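Q: Hi! I'm new to this one and would like a quick tour. Can we look at it together?

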Amino acid sequence: MKKSIFISVFFLIAAVSFSFIPVVHGVSDAYKHNIYDPGRQKPTDSKLKVKVGMEAPDFTLKAVAGGTVSLKQYRGKKNVVLSFVPAAWTPVCSDQWPGYNIVKDIFEENDAVLLGISVDNIPTLHSWINQMGDLWFPVLSDFWPHGKAATLFGILRSDGTAERAIIVIDKKGIIRYIDVHNVNERPPLEGIIRELEKLR
Amino acid sequence: MKMMSVCRLVLAVIMVAFVIFPAGISAAGPPAVGGALPDVSLSAPSDRGERSYLGVSGTFKIPQIKAQVLIIEIFSMYCPYCQKDAPKVNELYQKIEGNPALKGKMKIIGVGAGNSAFEVATFKKKYNVPFPLFADPDFKIYEQLGQLRTPYFIGLNINADGSHRIFFSKLGAFEGVDAFLESMIRLSGINEGEKR
């Protein structure tokens with residue numbers, strides 16, 4: 001009898017606690033009802049293959065605007081911020097890059113470029129970023145071979161999406177900052193800016 | 001007797017959950033016209049001019065703002081519509097401040113849903129926002145207000161006795177500044193006392 005009461009209470013605690021976990025937030029009306037909410041995901045789901053101080057692995061990806069972009073093209077010229085996001089048309093991702101869109105001047109002051117990367121294909125990314133307005137930074141598709149760039153960094157999740165990760169690479173091609181963020185939350189802007197300012 | 005103990009335990013668990021997860025408790029829906037605002041606490045702005053504009057200090061509740069009508073914009077630095085609307089909301093503020101019948105009586109604040117203080121400051125600087133903006137980094141206010149999408153506008157009548165009433169509650173960018181201001185004047189009934 002006692003055991004069954006304890007089991008009931010345990011499940012009650014679990015159920016009540018779960019019902020109070022904040023939901024993932026997709027707040028902009030710009031996307032109307034086109035956002036698919038996958039619900040809360042495992043915060044991280046991959047094994048990082050790089051670390052701060054290492055040379056960043058090079059990659060070449062197709063850009064939504066046309067052509068390709070390689071990491072090495074910025075070597076000796078610009079600091080690079082990689083913003084990997086899990087998937088187009090999902091809540092947190094849709095409210096991330098539009099914020100970066102109003103801080104172009106801060107990136108320029110820090111001699112940095114931003115590369116937005118997702119494992120979605122080009123047509124999907126095209127439609128999605130059109131909803132965001134004109135983004136000033138390149139958006140790259142890591143669709144095929146699927147998650148090639150994400151795999152190089154060890155941030156491809158087991159469901160084929162990428163982690164929500166910020167990676168800062170200096171002009172010498174050395175990784176200076178890695179934030180494999182909780183996939184359910186947006187990395188605060190100040191984290192990126194603080195790391196860029198350290199490269200001055 | 002045993003049943004009573006179990007009931008007490010269940011009640012205790014629910015109460016503990018409310019204490020542990022207050023941020024997760026959200027209103028049932030958007031703020032309803034005719035109703036009251038949830039009990040939202042804010043910290044007075046660090047800028048003296050903004051404190052004076054709102055007539056507040058320390059931690060305060062929204063209806064303590066010294067105004068007859070308060071327009072609250074729920075926005076986000078990350079929201080494209082909010083970015084596009086920012087100059088229009090600034091213009092709304094300027095029109096209110098430039099109108100002697102409204103200045104000092106109708107005021108505007110913004111709450112950055114899920115935005116840190118840095119992110120709110122970035123938005124404020126980018127668009128030269130002249131009215132006070134508040135951060136809501138952990139989505140606490142966003143949850144209290146019923147998980148509103150952005151931009152969202154709430155109009156509040158604040159009475160001399162400290163009571164208040166929501167007279168406007170709407171999602172989405174506004175069409176025109178003049179039309180929006182006209183709605184605020186008409187729906188709030190501001191200055192009706194003077195007309196009589």
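Q: Thanks! What share of chain A counts as buried?
A: Of its 200 residues, 53% count as buried, meaning under 20% relative accessible area, with exposed over 50% and partly exposed in between (1.4 Å probe, protein chains only). Keep in mind that this is a predicted model, where local features need pLDDT of at least 70, side-chain atom pairs count only at pLDDT 80 or more, and totals for chains, interfaces and linings use all residues. Residues are numbered from 1 along each chain as its sequence is written, chains are lettered from A and ligands numbered from 1 in the order in which they are written, and side-chain values use heavy atoms, leaving out hydrogens and water.

Q: What is the average pLDDT of chain A?
A: The average is 89, and 86% of the residues score at least 70. pLDDT is the predictor's confidence in each residue, from 0 to 100.

Q: And where does it stay under 50?
A: Over residues 12-23 of chain A, for which the model has 17 contacts beyond four places in sequence; a contact means heavy atoms within 4.5 Å. Where pLDDT is low, the predicted coordinates should not be read in detail.

Q: Got it. How many helices and strands does chain A have?
A: Seven helices and seven strands. Both are DSSP runs numbered from the N terminus: helices are H or I with at least four residues, strands E with at least two.

Q: In what order do the strands sit in the sheet?
A: In chain A the order is β2-β1-β5-β4-β3-β6-β7, in an open sheet with mixed pairing. Two strands pair if DSSP finds at least two bridges between them.

Q: Which strands stand at the edges?
A: β2 (68-70) and β7 (175-181) of chain A; each has a single partner strand, so one side of each is left without a neighbour in the sheet.

Q: How does β1 pair with β2 in chain A?
A: β1 (residues 60-63) pairs with β2(A) in the antiparallel sense, over three bridges. K62(A) has T68(A) in β2(A) as its bridge partner.

Q: Switching topic: how many disulfides are there over all chains?
A: One, formed by C79(B) and C82(B), with sulfur atoms 2.4 Å apart. A disulfide here is a pair of cysteine sulfur atoms within 2.5 Å.

Q: Why is that disulfide right-handed?
A: The torsion about the S-S bond of C79(B) and C82(B) is about 80 degrees, so the disulfide is right-handed.

Q: Are those cysteines buried or exposed?
A: C79(B) is buried, at 0% relative accessibility, and C82(B) is buried at 1%.
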